[in-house]
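Dear colleague,

I am handing over the structure we discussed, and I should be grateful if you would look through it. My findings follow directly below it.

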Amino acid sequence: MICVALPGLAISTEQGQMTGRGLEGFYRAGRRVLSRCHVRVAGREPLAVQARMTAAGRARFVATLRVSPRPGPDPEVIVERNRSADGTERITLHSAAHRPLRLPVEVALGTDLADLKAIASGTAGPELPASVHDSGLRWSCATANASVTAEPPPADALASAGLLRWELDLPPGGSTSLELRVRPEGAGPLRAAGHAATSPVAPARAEGDDPRVPALLRASIEDLQALLMRDPANPSDIHLAAGAPWRCGLAPADALAAARMALPLGTGLAAGTLRILARGQVPGTGARSGMIPGPRRDTGPHLPPGCTGTEATLLFPALLAEARRWGLPEHETEELLPAAERCLTWLRTTVGDGIYLRDAGPGGLVRCETQAHAHRAALLGADLLDACGRPGGAGLRQWAQALRTAFREDFWADDPGGGRPAAARAPDGRLVPHLGAGAVHLLDTGLLGGGAQAPGLLDKVQTEHLARLLDGPAMNSGWGLRGLGAKEPGYNPFGHRAGAVRVHETALAVAGLAAAGYEEEATSLLRGVLAAAESFGHRLPEMYAGEQRTEGSAPLPHPAACRPAATAAASAVLLLTTLAGIRPDVPAGTVVLRPVRSAPLGEIGLTGLRVAGAPFSVRVGRLGLAMVEEAAGGLQLGG
């Protein structure tokens, strides 16, 4: 059970007790400020009966206790714990007894003040000694201090045992409460960016024939709100952390990808993310000048680790171009344009006189996924430059055309089934033919003016082959798209780039297939993700096992997955808005609707979206016809 309102976290099992084992505890900014919070009533541990997330940042735990000496199964006391990621926990005792009760309550507390990295690697130290402090306890180490205060103050506080004690009186049928507040030394109440009135994520809503739709959108928006973080140097700029509990900081490629999928909720998140990353862009005139820095990451068993900085650099101009279409104000576009130009200059300079964007180093590998990102960046970047009266658009389009021509010939691996796009091309020209989810980026071509999709790297026949492959039994697990085909060497259903289902890639596949006209294949993948989301309480993790779905089965959680995760939460927004096919062009004053005509989830209504900075609502009927119900003044429905 993970409560998230960054920079705060609260993690426990469904029992509700924090025992100090594993990741359990309250966290603030990556440090565990409390690892143990164990409640006993009348000398016993209450029997846990329910644990439930009430919001992304809050959980409710219910337990019961028998206190009567008479025999019988019925408990007379309910112990309710309402826990918040901001570091507060309210413990309420409800009595169903017919006589007054006086109950001793003990809360055992402890912490190691370890940082998350040390906890994850198993190198966290022992619990620290406590001291009595105000109405609670305090702990200190060389790098941090933390305290727990209680209201009402305890009758007794034992530092040696880390124990707070109360004697609570409950009238017949009555209740009484106590509240614990966990804080780093000197820190005030947590002010989560997602809870502010100026949150850049619109509180959109969904309704329709399928009850899973509103639940998924509601949970996903809550997760996005919970993962919002302010830039310390410029608090007005907000970005998404990659996920909890493992990746509670800025991951440039993930932040850009999530902001792009969340554009239907407003352009503020995109603008803040772009400004933050523009300030960190590599300066100067060297080979890396203009790049958005990012770490390397594993890319599966058949390819060496890839550079997320390359992906982020190529996503930057694409996100800015699409944000402008969704209604990013012109002055914000102009402010960010120089950084986008530097990204595009890096692209052209790195490609040089060649055709492909290679990995860094002599004779670098040519990755399929990288070419898809580069092609999209070039076409959307050219569109952006032309719209802003800047030079360079024609050269980018010319290079993109040359890349399309070469890619269709060089990257198609023929086989008896009709062929497939290769995952990469080695320096000596050999193809790495293994089929993986990275191929979905070939379908994610990007949005141009007038609601048009940019051309892709594949021709029509190749696109059709890819659509069939993605919905085939090797790639479609029934819960979503596997990261690597089940028949490929090195397949592992738990491999995070080798067979596990990554929600982000599945959402891109659904959107890309629907845009290309392959609604049957898109619907099959969409239904799988919706079924998985229901199993996960509509709070999608970033990934889960790619084990084949069978009747009565459930998706297997991945032990290292973030949940919530920015890309997974934003993917739900992309999945649901794909059903309506919303394609705005705010500078031209139009919006085009290209709904999924088969209406696979029946009627669906989306309200509270944002286009041109104003509320936008759309409804798709059971016959697959879409209708705008609310829009900014002056916005016309395009053809």
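The largest cavity is lined by 4 nonpolar, 3 polar and 3 charged residues. Please note that the model is a predicted one. The lining residues of this cavity are A257, R260, M261, E311, L315, H373, H441, D444, H504 and L508. The volume of the largest cavity is about 60 Å³, and the whole structure holds 5 cavities of 30 Å³ or more.

The buried set runs through V503, H504, E505, T506, A507, L508, A509, V510, A511, G512, L513 and A514. H504 and L508 also belong to the lining of the largest cavity. Among the elements that cover the buried residues of helix 10 are helix 3 (252-261), helix 9 (460-470), helix 11 (519-535) and helix 12, together with strand 28 (501-502) and strand 29 (543-544). The length of helix 10 (residues 503-515) agrees with expectation, because 13 residues at 1.5 Å each should span 18 Å and the end C-alpha atoms are 18 Å apart. After helix 10 comes G517, with a positive phi near 95 degrees.

Helix 12 (residues 566-580) contains T577, which counts as buried because its relative accessibility is 9%, under the 20% limit. A polar atom of the T577 side chain lies 3.3 Å from the backbone oxygen of L574. Leaving aside residues up to four places away in sequence, T577 touches P264, I582, L606 and L609.

Two or more lining residues come from each of strand 21 (296-297), strand 22 (306-307), helix 5 (308-326), helix 6 (330-351) and helix 7 (368-387). By class, the lining of the largest pocket has 21 nonpolar, 14 polar and 11 charged residues.

The second largest pocket has a volume of about 780 Å³. It is lined by 30 residues, of which I2, M53, F536, R539 and R563 are the closest to its centre. Strand 7 (47-55) and helix 2 (212-226) are the elements that give two or more residues to this lining. The lining of the second largest pocket divides into 17 nonpolar, 6 polar and 7 charged residues.

Most residues other than glycine have a negative phi, and most peptide bonds are trans. E151 and P152, however, are joined by a cis peptide bond with omega about 0 degrees; P152 sits in the loop between strand 14 (145-151) and strand 15 (156-158). A cis peptide bond also joins A244 and P245, with omega about 5 degrees, and P245 is placed in the loop between strand 20 (238-240) and helix 3.

A29, although not a glycine, has a positive phi of about 55 degrees. A29 belongs to the loop between strand 4 (25-28) and strand 5 (31-34) and is exposed, with a relative accessible area of 64%. H538 likewise has a positive phi, near 70 degrees. H538 lies in the loop between helix 11 and strand 29 and is buried, with a relative accessible area of 17%.

With kind regards

Note on methods: Residues are numbered from 1 along each chain as its sequence is written. This is a predicted model: local features need pLDDT of at least 70, side-chain atom pairs count only at pLDDT 80 or more; totals for chains, interfaces and linings use all residues. Side-chain values use heavy atoms; hydrogens and water are left out. Helices (H or I, at least four residues) and strands (E, at least two) are DSSP runs, numbered from the N terminus. Buried means under 20% relative accessible area, exposed over 50%, partly exposed in between (1.4 Å probe, protein chains only). A polar contact is a pair of N or O atoms within 3.5 Å; within protein, one must be able to donate a hydrogen and the other to accept it, and residues adjacent in sequence count only if both atoms are side-chain atoms. Contact means heavy atoms within 4.5 Å. The expected span of a helix is 1.5 Å times one less than its number of residues. Ala, Val, Leu, Ile, Met, Phe, Trp, Tyr, Cys and Pro count as nonpolar, Asp, Glu, Lys and Arg as charged, and the others, Gly among them, as polar. On a 1 Å grid over the protein atoms alone, a cavity is a set of points where a 1.4 Å probe fits but cannot get out, and a pocket is an open set with protein on both sides within 12 Å along at least five of seven lines; lining residues have an atom within 4 Å of a point. Grid points are joined across faces, edges and corners, and a volume is the space filled by probe spheres set on the points.
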